[in-house]
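I opened the model and made a list of residues to look up. My notes follow in the order I took them.

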Amino acid sequence: MSDPKPVIPKASPLRPIPNFIFASRWLQLPLYVGLIAAQGVYVFHFLVELLHLIEAVFGSQTALQALVTSIGYKTDVPVTTLNETVIMLVVLALIDVVMISNLLIMVIVGGYETFVSRMNLEGHRDQPEWLSHVNASVLKVKLATAIIGISSIHLLKTFINADNYTDRVLIAQTAIHITFLLSALAIALTDRLMSHSQRPDR
């Protein structure tokens, strides 16, 4: 004779005040919708810069000057043709937009899943790998890593265009990048220590 199936106790309804407090998490929904709108702005900016780059390749001086202005490239000799430095700075700017867009996706999807409501994406073919084990600690580490990547792109753009920056600015940006690195290491170390402390002793 088979054993009877275990009876899963039904969760009791929350009292009014705890239910009201718990429901307040939905106040974050407009924030995530706002970030989605910001994502749209970044997509538009990316497409505009990409269009300018393509037009500059075909000799458009208006598009070339728009690119030079957007990347902050300055030189004593007027830029009349698309050179390697301008291309590199524009591509790095496009990569920067993509990385910030990735950061927005992590905040929107991970934050909603962690702090607002489950998306029930289990088994979906497009479910992000990191979302299956996301929590507040994992999200903080991933965000810190993404910020380091964005900072690296900014620092590389600054060094390529170093002639237009003072030594004080270069040193300050390098120090800020190192601070981001140390902060990410501290967050990862703290998360590791906390995860070890929460494990039951064997």
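In which helix does T62 lie? T62 lies in helix α3.

**Ground rules.** The model is predicted; local features need pLDDT of at least 70, side-chain atom pairs count only at pLDDT 80 or more, and totals for chains, interfaces and linings use all residues. Residues are numbered from 1 along each chain as its sequence is written, and side-chain values use heavy atoms, with hydrogens and water left out.

**Whole chain.** I counted six helices and zero strands. From the N terminus the order is α-α-α-α-α-α. Helices here are DSSP runs of H or I with at least four residues, strands are runs of E with at least two, and both are numbered from the N terminus. Next I checked burial. Of the 202 residues, 26% count as buried. Buried means under 20% relative accessible area, exposed means over 50%, and partly exposed is in between, with a 1.4 Å probe and protein chains only. The chain exposes about 14,400 Å², and carbon and sulfur atoms supply 66% of that area. Accessible areas come from the Shrake-Rupley method with a 1.4 Å probe; for residues, only the protein chains shown count as cover. I then looked at contacts (heavy atoms within 4.5 Å). Among those with a separation of 6 or more, 62% are between residues 24 or more positions apart.

**Back to T62.** T62 counts as exposed because its relative accessibility is 66%. I took one distance from it: the C-alpha atoms of T62 and H52, ten residues apart along the chain, are separated by 8.5 Å.

**I71.** This residue is also in helix α3. I71 counts as buried because its relative accessible area is 13%. Leaving aside neighbours within four places in sequence, I71 is in contact with V86, L89, V90 and N161. Its C-alpha atom is 9.6 Å from that of L92, 21 residues apart along the chain.

**E49.** I went to helix α2 (residues 29-57), where E49 is found. I did find a polar contact of 3.1 Å between the side chains of E49 and S70. That term means a pair of N or O atoms within 3.5 Å; within protein, one must be able to donate a hydrogen and the other to accept it, and residues adjacent in sequence count only if both atoms are side-chain atoms. Beyond four places in sequence, E49 is in contact with L67, S70 and L94.

**Q39.** Helix α2 also holds Q39. Q39 counts as buried because its relative accessibility is 14%. Not counting residues up to four places away in sequence, Q39 touches S101, L104 and I105.

**A144.** I moved on to helix α5 (residues 136-160), the place of A144. Why does A144 count as buried? Its relative accessibility is 11%. Leaving aside neighbours within four places in sequence, A144 is in contact with A184 and I187.
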